[in-house]
Amino acid sequence: MIGNNRLIHLEAVSRRYELGGTTVTALETVNLDVHDGEFVVVLGPSGSGKTTLINLIGALDSPTEGSIRVAGFDITDAKRSELFDFRRRAVSFIFQSFNIFPGLTARENVQFGIDAAGRDDPPNADEVLDRVGLGDRAEHFPHELSGGEQQRVAIARSLATGNPILLADEPTGELDFTTGVQILELLREQAGPGTAVLAVTHNREISRVADRVVELSSGRIASDGPPVGGRAELADLHW
Amino acid sequence: MNSFGLWLRWSWRDLRSRWVQVVVISLIIALGVGAYSGLSSMTRWRKITADNAYEQLNMYDVRVELAEGSAVESGSMLAVVDRADTAGVVTDAEERMRVPVQVATTTADGDIVVRGEVIGVPLDNDGPAINALFTKAGRMLDESDTARLTSMLERNFAVNYDLPAEGTLTLSGGQQIEYVGHATTPEFFIVIPEGGGFFGQANFAAVFASVETAGEFAGLPGSINDLVLTLESDSDRDAFAAQLAASFATAMPDIGVVVSTTDDDAAYSLTYEDIEGDQQFFNIIAVLILAGSAAAAVNLTARMVDQTRREIGISMALGVRRRWIAMRPMLMGVQIAILGVVLGVVMGWAIAAAMRGVLESFLPMPEWLTPTQWDVFLVAAIVGLIIPLVAVSIPVWRAIRVAPVDAIRTGHLASRGGGLAPLVHRVKLPGDTFKQMPLRNIMRAPRRGLLTALGIGATIAVLVMLVASIDSFFGAIEKGGEEASGGIPDRVIVEMDSVYPSDNGPVGAVLVSPLISDGEAMLRVGGELGPADDPIDVFVEFVDWQGGLFRPDIVEGSLPGEVPGIVIAPKAASDLDVGVGDTVAVRLPRRTGPVSFALETSDLTVSGINGHPFRSVAYMSTTQASLLGLDGLANVVSVVPADGVATGDLQAELLEVGAVTSVQRADSMAQLIEDLMAQFVGIFQLFEAVVLVLAVLIAFNAASIAVDERQREHATMFAYGVRRRTVVAMLMLESAVVGVVATLIGLLGGLALFRYFITQWAQTMPEIAIPVEMSPATLLWAIGVGVVAVGLAPLLTAPRKLRKMDLPSTLRVME
Ligand SMILES: Nc1ncnc2c1ncn2[C@@H]1O[C@H](COP(=O)(O)OP(=O)(O)OP(=O)(O)O)[C@@H](O)[C@H]1O
Ligand SMILES: [Mg+2]
């Protein structure tokens, strides 16, 4: 259900690294629009610029050229403090290595997301955990959960922020194929009115669960559209 | 892999990325090593200097004093020695004449009058051979001074008032005497005030003159009252002293005689006990500082090892030998150790150099011997080297025992929710996640938190000990001042050179002075309490409990009533192990003739305990003066100045009355000690500052390590838009919680140490009871350092590190 609310808008964005005389171009004149309701998978081989793209959208990094607007914020020339506000209110990260807090239980990790966003009408942590299917593991510490469960906690934590854009960098990278697909399914369910999900993967097969696949190659967008061979259900995937 | 070069390079990179932490721990170790070697060198110097001084100035082995006020014809004391059976062991003997006087002189700040003593010594044969005089300024007395009114002034007094090397003194009765130099002699290396303690130099002036001159001053030409002897080095001093006492008792039955030995000399025993006491104090300070630094070193390496555990696991999997794996963190230990010891030796040398100056100005030894104490530095250096190495090897040893599979597992450590975390999880903590996380972090690794708290706690203990000691000492002195005033704030004590009728003569003259609003003639005599072989020196004041002006506090028991009783100080009661109602032996001088007193023992009931912290203060009733044959006589007048009359004016006026030896506020001693101690407080405050810096350094280091360790957690928070100041606040909260634990440890430890020192102190200086109490100020200090300073420590490191953090790479990098 693609809405007409443009949440992400990248215009001629480039990101270069200067390394002792040599210039590494991670992204080259990238143009991209993402609307609410969209579940976009960014696909590409290692080193193609996927992480760079997602970090730019999440304002963890800033472009060398071009402009970026996300959820109504122009983050290209924003001040540091504005970027903090932006990250608190607009985007939510999910990482390949989960990065959930080892000292906090599942529920507390989710509570962290709620407290970080500091919304006036905060959701209930247990309900959010229910949404990722971990309602019965609220009291558990990360080391008591499997990788897939930890990643669900990470997703619950970003959902808990109530922010419109979910950014997931290789969320399935450390998981087996089935679990990875389940995680992607879960992410896809989060795309709806007012929200969009952007997930990175280098696994073409997994990318087939997406509505739209943006393929990167050497920092450029090589293709953008529905997955080759059409959207697939879990059962149709080969591994 | 066994290329040493690679390992060295790797270790060099470790060092570069952690140099601040390494330097900080090295500094902490350096403070411990420096404190120990510097302060211990000072103790050594004092010891060898004192040994040398007593040797050089030929300290007496045995001394014979006649009871206060008594004197005999020159030569008669020597005659007793010659007649004694034991005369064979005596190598030398000299008679002296000691005359209590009042000494007036002019200082840069105006005129002063203090109690003093003319010590007449033999000047033939180049001055006294026993307890010789050492010239610190001016010239030495010689034979030509025998018949002249020339003298030397005791050096501590002279220095205290910054007096020139030559000048004129006015003694009791307006007689003047020249002094030609400053001298020191073993009995005055430390000037012990009446009633014990030290710092007597501000109100006691010893004047050395010929024995003939002293006799003239006393109005008893040709008399002596003091004898000093040296013995063969292998003879038994105590046995000799006992036999000599018996000989004197037979030869001079009407005169009280006190025979004492070197060890009974207050300045002598205080000199050595003080050295030992101080060394213990320094040792504990150094040990605590080293313990704090050890805890900090263990902490840093343990965390470093934890962070590299995966690397260790990979190395293991690659078949690298354990000793190679251990080498990297061990090399860091070596770097810390070497840097710490080098800095420490430099610091110790600097402390020693600074202390040398302090010593030379405070303690007037003839000459200071201050050779470098290589062995002390060597011991400190070895300890300083061993501590970080042991500290490092513990976590390293633990790490290399981990199975490689555990070490490699992703997030082996990071995902550990262990420690006490599950325990506190049941406890509902207040506040949002940002307030809970710091507590959770501590609970997750309680051993680390405890180690940090122990390190800081050790330094706080030193601080508490220092502050509490100062507080209590001043508390006791102040209490002494209040007690001496006996409820009369301006009470002034006028002392006479002897006893006089209490209503006419010089006492009467004082009482009718227009400058006083009230006055009371009193009797005050020196005596002894308790067993004859180990007595306590006391000053007994005879108080008119019914109609008198001065009525001291009695905290327990009652006034000495019909039955002869004595009110003693709490410290005396506890030292003698007596209480109210018990009987105690009291030796007081009984008048046997115009210039002769005999010490007489009577058993008196302890009727009460006074509130004075000085052990020497005792009271009896005026009605009991007849016991001493002194009824109707007085040697002290207690007066209250009239409105608007300054003590100085009163002094000037009353000193005109002949026979008055001193006019001083009752609490003057307390005030003097307080003033003098103020100089020492400076040194203590320096220590406090060092300790404070230390606590902050340890906390800084812990915070700095925590920031490194939690990089990824912090990066994740930043990715969620949590602000830097929130993260810093969380680190501060965590640090403050450790600070609270450290404060508790420090308070308990400091109080225990403080108790220990009070006990030690009581042995060195039994005359003053120091209460074991902690003032609110001490508590505030401890909390201030422990919680506030430690809580603020992350501010020194976290904001900078967090600002410099490269967010994308921190988030990407796997641990
Ligand atoms: N901090 C940096 N400094 C220099 N070059 C960098 C930096 N970060 C990324 N690059 C370079 O930018 C390019 C794109 O990197 P990026 O991390 O976006 O790739 P990716 O598509 O996420 O790869 P992977 O699938 O391996 O994670 C790479 O060539 C990388 O070497
Ligand atoms: Mg990547």
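**Stop 1: the ligand shell**

Select H1(A): this helix gives the largest share of the shell around ligand 1, three residues. Keep in mind that the model is predicted. Now show ligand 1 itself, which lies between chains A and B. The shell holds 14 residues, and the nearest are Ser46(A), Gly47(A), Lys50(A), Thr51(A) and Thr52(A).

Start with Ser46(A), where a polar side-chain atom sits 2.4 Å from an oxygen atom of ligand 1. Move to Gly47(A): here a backbone N or O atom is 2.8 Å from an oxygen atom of the ligand. Then pick Gly49(A), which has a polar backbone atom 3.0 Å from an oxygen atom of ligand 1.

How much of the accessible area of ligand 1 does the protein cover? On its own the ligand has 620 Å², and the protein covers 70% of that.

Colour the elements behind the shell. Strand E1 (6-19), strand E2 (22-35) and helix H1 (50-57), in chain A, each give two or more residues to the shell.

**Stop 2: across the chains**

Select Glu108(A) and Arg440(B). Their side chains form a salt bridge, 2.2 Å from N to O. Why does this pair join two chains? Glu108(A) belongs to helix H3 (residues 106-117) of chain A, while Arg440(B) belongs to helix H13 (residues 433-444) of chain B, so the bridge links the two. For context, a search of the whole structure finds 41 salt bridges over all chains.

**Stop 3**

**Stop 4: a nonpolar patch**

Select Val334(B), Ile338(B), Val342(B), Val346(B), Leu378(B), Ile382(B), Leu385(B), Ile386(B), Val390(B) and Ile394(B). These residues form a nonpolar surface patch with about 830 Å² of accessible area together.

Which helices each supply at least two residues of the patch? They are helix H9 (322-362) and helix H10 (374-400) of chain B. H10(B) gives the most, with six residues. To see the H9 side, click Ile338(B), which lies in that helix of chain B.

Conventions: Residues numbered from 1 in each chain as written. Chains lettered and ligands numbered in written order. Predicted model: local features only at pLDDT ≥ 70, side-chain atom pairs only at ≥ 80, totals over all residues. Heavy atoms only, no water. Near = heavy atom within 4 Å. Polar contact = N/O pair within 3.5 Å; in protein donor to acceptor, adjacent residues only side chain to side chain. Areas by Shrake-Rupley, 256 points an atom, 1.4 Å probe, with all protein chains shown as cover. Helix = DSSP H or I, 4+ residues; strand = E, 2+ residues; numbered from the N terminus. Patch = residues over 30% accessible without salt bridge, like charges linked within 9 Å, V, L, I, M, F, W, Y side chains within 5 Å. Salt bridge = Lys/Arg side-chain N within 4 Å of Asp/Glu carboxyl O.
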